[in-house]
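Colleague: Could you walk me through how to read a buried residue and a pocket in a model like this?
Modeller: Gladly, let us look together.

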Amino acid sequence: MPSAPIKAMIMAAGRGERMRPLTDSTPKPLLKVRGKPLIDWHAEALARGGFTDLVVNTAWLGEQIENHFRQPSRAPLLSIAYSHEGIDFGGALETAGGIARALPLLGDVFWLLAGDVFVPGFEFTQAAVDRFAAGGKLAHLWLVPNPPHNPQGDFGLGTDGVALNLPKDSVEPRFTYSTIGLYRREFFDTMPFGNPRGLKAPLAPLLRAAMDNGRVSAELYPGSWTDVGTPARLDELNQASTTH
């Protein structure tokens, strides 16, 4: 695997039901935190790390996202390709379905992140890519401490840095998947390449299956992270920015 910048995929196709009525007229990745659309925080952080080739999947109000990046003032140094699930299939394909659809636009290794999380301090580094590419894992996840809306967490973390699909009765601690990760194209080999029929599929079952085979690594991210999933959480972020 070359030590060179890779592509990144920002997931931006969801309807954002819990964010209604805000998302009735605006796609969730374009909602503003501290005066800047969520997706711009990601795009700018990726660009700072040298990752300027992006793939964005769209469905609900996807034309707004494409028009947003057409503006001369928006990320002029970025190269953006789109996977328009709404146009191709009439709606979003869920996470794994959407990634599989976009695989022809991505490389053998790529960043993946959701367009509706706010993580202003995260650094996308080539060193992280090189470590992942040199190993044998299919995915590397960044986990965060469990927020109030996900108190049970998602996955465990072994002392050897392996992500764990813990049984429900396990007493080992679980952490929440930040939605930021590095993936190999091979991770999605169980799905048709390019998902030509538009199969809808979630990501979690694929992650759990790979974890059961010891093929997923992870680390804890200690910085600020918010799943901007409700109007209340969006308000909290913006109110906090005006009091500091």
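Modeller: His 140 sits in strand S8 (residues 139–144); strands are DSSP E runs of at least two residues and helices H or I runs of at least four, numbered from the N terminus. This is a predicted model, where local features need pLDDT of at least 70, side-chain atom pairs count only at pLDDT 80 or more, and totals for chains, interfaces and linings use all residues. Residues are numbered from 1 along each chain as its sequence is written, and side-chain values use heavy atoms, with hydrogens and water left out.

Colleague: Is His 140 buried or exposed?
Modeller: Buried means under 20% relative accessible area, exposed over 50%, partly exposed in between (1.4 Å probe, protein chains only). His 140 counts as buried because its relative accessibility is 12%.

Colleague: Which residues does His 140 touch, not counting those up to four places away in sequence?
Modeller: Contact means heavy atoms within 4.5 Å. By that rule, His 140 touches Phe 132, Ile 180, Gly 181, Leu 182, Ser 217, Ala 218 and Glu 219, leaving aside residues up to four places away in sequence.

Colleague: And where is empty space left?
Modeller: Rolling a probe the size of a water molecule over the atoms shows that. On a 1 Å grid over the protein atoms alone, a pocket is an open set of points where a 1.4 Å probe fits, with protein on both sides within 12 Å along at least five of seven lines; lining residues have an atom within 4 Å of a point. Here 35 residues line the largest pocket, with Thr 95, Ala 114, Asp 116, Thr 179 and Asp 227 nearest its centre. Pro 147, Trp 225 and Asp 227 are among those lining the second largest pocket, to which H7 gives the most, three residues.
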